[in-house]
Amino acid sequence: GGLMPLIGINEVIDVTPWGGWEVTPRPNGASGDWRLGPLLAFGGRTELASSGGWLTITVNGVPVLKTDIVTRLRQIELRPDGLTFDCQGLGSVVFPGRKPSGVKHARFDGRALAVGAREGEAAVGVPTVESPRRLEVRWS
C-alpha cells in the first residue's frame, strides 16, 4: 500500500540526520520531465520540477535554484542571503530572478567560481569532483 509512494518520493527528496535535505535531480536515471509537490520542505511549500534536463526548486511560489547537475544534492540550506549544498558538480546552477551583479560570492570546495549569466540570470558552472564538495553562494 502506502509505503511504495513514500519510497518513490524519497528517491527524489529526503531529509536525514546525515545528509540533511537531499534532492536527486534525476532519480533512477530519469530523463523525462516530472513534477513533485507541493511538499512542506525548506521552510515552505516546495515544488520540484524537472524539464528539459533542468531541475527547478520553487519555495512559496518563488523559484530558488535551477540546475542541470545530475548527482544528488546534499545538505541543502536555503537562506534569505544565499544557499549552500554539497554535490559532485558537472553542471550549472542558475539563480532565478538574480542578476550576476547581485551575487557577493560563489565558492565550490572553498575555491571562487566565476558568476556569469544564463538567460540574464546569475549562474555558476560547477566542476566535476569524485566526492561531494560544498557549493556556497551569497547574494545581497
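Threonine 24 counts as buried, because its relative accessibility is 12% and buried means under 20% relative accessible area, exposed over 50% and partly exposed in between (1.4 Å probe, protein chains only). The model is predicted, so that local features need pLDDT of at least 70 and side-chain atom pairs count only at pLDDT 80 or more, while totals for chains, interfaces and linings use all residues. Residues are numbered from 1 along each chain as its sequence is written, and side-chain values use heavy atoms, with hydrogens and water left out.

**Threonine 24**

- Threonine 24 is found in the loop between β2 (20–23) and β3 (34–41); strands (E, at least two residues) and helices (H or I, at least four) are DSSP runs, numbered from the N terminus.
- Leaving aside neighbours within four places in sequence, threonine 24 is in contact with Glu11, Val12, Trp34 and Arg72, where contact means heavy atoms within 4.5 Å.

- Lysine 66 has valine 94 as its bridge partner in β9.

**Threonine 67**

- Strand β6 (residues 62–67) contains threonine 67, which is buried, with a relative accessible area of 0%.
- A polar atom of the threonine 67 side chain lies 2.7 Å from the backbone oxygen of serine 92.
- Neighbours within four places in sequence aside, the contacts of threonine 67 are Gly53, Trp54, Leu55, Leu73, Ser92 and Val93.

**Five-stranded sheet**

- An open sheet of five strands has the order β7-β8-β14-β10-β11, again with antiparallel pairing.
- The edge strands of this sheet are β7 (74–79) and β11 (111–112), each of which pairs on one side only.
- Strand β8 (residues 82–87) and strand β14 (residues 133–139) run antiparallel and are joined by six bridges; cysteine 87 has arginine 133 as its bridge partner in β14.
- Strand β10 (residues 103–108) also runs antiparallel to β14, with five bridges joining them; here the bridge partner of valine 103 is tryptophan 139.
- Two bridges pair β10 and β11 in the antiparallel sense, and phenylalanine 108 stands opposite arginine 111 in β11.
- β10 and β11 form a hairpin with two residues between them, and aspartate 109 in the turn has a positive phi of about 55°.

**Valine 137**

- Valine 137 lies in strand β14 and counts as buried, at 0% relative accessibility.
- Not counting residues up to four places away in sequence, valine 137 touches Asp81, Gly82, Leu83, Phe95, Val103, His105 and Ala106.
- Lysine 104 is 33 residues from valine 137 in sequence, and the two are 7.6 Å apart in space, C-alpha to C-alpha.

Definitions and conventions. A polar contact is a pair of N or O atoms within 3.5 Å; within protein, one must be able to donate a hydrogen and the other to accept it, and residues adjacent in sequence count only if both atoms are side-chain atoms. Two strands pair if DSSP finds at least two bridges between them.
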